[in-house]
Amino acid sequence: MDIVTSQMLRRALPLFTALAVTVLILAVSSILYLGREIFVPFALGILLSFILAPIVIKLQRHRVPRILAISGAILVATVVILGLGFLIATQVTALVGEIPSYRSTVEGKLRSLSESAQSQGSGPFSRAAVALEEMAADIQTIAAPAEGAADAPKPLLVTVEDSSSLFQTISAVALPLLSPIATFGVVIIFAIFILLQREDLRNRFIRLAGTDDLQQTTAAIDDAAKRLSKLLLFQLGVNAAFGAMTALGLWLLGVPSPVLWGILGGILRFIPYVGGFIGAGLPMLLAFAVDPGWSMVIWTAVLYLGAEALLSNVVEPVLYGHSTGLSPVAILLAATVWALLWGPVGLILATPLTICLVVMGRHVPRLAFIDVMFGDRPALSPPQIFYQRMLAGAPQEAADQAREFLRERELATYYDEVALEGLRIAHEDVARFAVKGERLETLRAATLELVEDVGTLRPSRRRRKTHLTAEAAAAVDAVGPDQEVTRIVQRKEDLAPEWRGPTPVVCLSGNNALDPAVTTMLVQVLERHGLGARHISLSELRKNPPARKDAEGVALVVLSFIEPLSTVHLRQAVREVHRVAPKARIMIGIWRQRDPAMLQELQRRVHADALVTTLNKALAAALEMSGQRGVQTPAPRLTPPPAVPANRVEAEASAVAL
């Protein structure tokens, strides 16, 4: 009975876990929604402190006392925010007074659009014409009483007000201003205390993250905080530049209240995807009402499109890259959730707040699920992604990512660190018969197709700083730098005489379904580095046994196996090669084997000139065998060595900032 109960509980555990997570999410959402009057100022204070932290740190480095540095930064931020608020209020007041004068222009354009729609005949155009006529009639109806009232004499209305009504009037004007002023004051107070207690808060966060590796945790959190501060500061600067550009352009075009639209455009640009459209739509609507023609509307649209294209494609990549560290789906989801919880303010704060959560998830193990859900880094490792795509029969997707990867790294590095590692995972599934039949054939065919596609890519001889996809960037960071051997290309005149033939290297693949793909990779790597090679399968060789004259000009034979059947199988293959090509040197590639003791035992029992487990090692051994003695092998660089992050922590934080 106890066994049955435990089995039932074990089966029900995933359901209980899902219910617990659901309850937790609902509880946190309710707390954030009900406590938005407290949490919104606190969130704004955190973001303001992140923006001001680099300024405070720079002032402290110039020996400015901490209190003065914080006070100066807060004072500047307060003056800027209050100045922007005053400009917005002034511009809105002036615009409200000018709106009635645009009525005739709007009526004329609506009438023109209605006539144009009616001329298109029945259908949706006719319905649009009716709607435009109704809009024009509504505008005339609204404006008619005002015009009649202007012509008639206005009676003088005399009222007697006591002190209580005067107090009510003052309250009606002052009370709406108290809430934003109080919120602003709370934000400033939170920012001050966060800046004052920055180190203490960092230590508490380190304690939350764990103190097992204090040095690495401290470095990770400090580096992530600095990069997040720079990211928010850069975003603020870029959005401010966007606002200044659009305000100047609107002023030159003659659109009323250009400063208002510039400020709103810069603020709305914090909203992902839709913020730019909203910021452009409002001044375009006003241009529609002001200009009797259509040139102002068109030029306003061109202005916003040009400014957005310039900043998005030129300025932002130089400063902090295209990516915010969030996946596009996560940005949209975060914007929706924060807007539901905190309204318009949440919509603006969605991206910065979610970036903060992703940074926490990246460095706090207990919150790692946040990074998996919302981060733009792949959830799987590069070899796992490679294997998954081969299983799915999608070699073109893998080839696209390989093309991105090869902008920064060499072909041998991609094959060793991504493709070969993925095939090792695949071999484990094949060996335990988890992949067989049609799925195995799909895996084999997709891998061969990918290798053939990648082999046609020409090496890039000059590296350019380009933007990589999140997946390719993660793969480049994971594999590290190229090995030195990948930048050596042998010239034919520097090869030993027996290596100067068209194909001095013959690569023999085993009978495993994945052996031909790995052997083809090896052939491509050798040929790219100046060594002619060709691929033959052992089964094909045994069906058509070659004579000794067929082996003339062969300097090296490579026996390539994901995993050989046995040591006896290897020794037999070596004897067959010696019988056909006695002068050729022999290299054995066992691509799955990683145990040093096993490799040493194989080296002792199998008489071969080299035993390798990676394509880079195979390339290095072949290049060493091919060079003449006494002649230094030239090593012209295909590309300058790429810059490598100083440590793994910096690489991860760099991905967040990008």
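Setting aside residues up to four places away in sequence, W591 touches L420, R424, V518, L522, S560, F561, I562, V612, T613, T614, L615 and A618, where contact means heavy atoms within 4.5 Å. The structure is a predicted model, in which local features need pLDDT of at least 70 and side-chain atom pairs count only at pLDDT 80 or more, whereas totals for chains, interfaces and linings use all residues. Residues are numbered from 1 along each chain as its sequence is written, and side-chain values use heavy atoms, with hydrogens and water left out.

W591 is also among the residues with the most contacts inside the largest nonpolar core, together with Y414, Y415, L443, W499, L526 and M587. This core has 63 residues; a nonpolar core is a set of buried Ala, Val, Leu, Ile, Met, Phe, Trp, Tyr and Cys residues joined through side-chain atoms within 4.5 Å. Its largest share, ten residues, is supplied by helix 16 (residues 411-431), helices being DSSP runs (H or I, at least four residues) numbered from the N terminus. A second, separate core comprises 25 residues, including L349, A350, V358 and I370.

Two packed helices are described by the angle between their axes and the distance between the axes. The axes of helix 15 (residues 395-405) and helix 18 (residues 470-479) come within 9 Å and cross at roughly 60°; axes are lines fitted to C-alpha atoms over the stretch in contact, and angles run from 0 to 180 degrees between N-to-C directions. Helix 15 is therefore oblique to helix 18 (angles under 35 degrees count as roughly parallel, over 145 as roughly antiparallel, 65 to 115 as roughly perpendicular and the rest as oblique). On the helix 15 side the contact is made by Q401, E404 and F405, and on the helix 18 side by E471, A472, A475, V476 and V479. By class, this contact has five nonpolar, one polar and two charged residues.

Q396 is likewise found in helix 15. Q396 is partly exposed, with a relative accessible area of 42% (buried means under 20%, exposed over 50% and partly exposed in between, with a 1.4 Å probe and protein chains only). The C-alpha atoms of Q396 and D453, residues 57 apart in sequence, are 8.3 Å apart in space.

A77 lies in helix 3 (residues 66-98) and is buried, with a relative accessible area of 11%. Leaving aside neighbours within four places in sequence, A77 is in contact with L48 and L52. A77 and L52 are 25 residues apart along the chain, and their C-alpha atoms are separated by 8.3 Å.

Conventions
Helices (H or I, at least four residues) and strands (E, at least two) are DSSP runs, numbered from the N terminus. Ala, Val, Leu, Ile, Met, Phe, Trp, Tyr, Cys and Pro count as nonpolar, Asp, Glu, Lys and Arg as charged, and the others, Gly among them, as polar.
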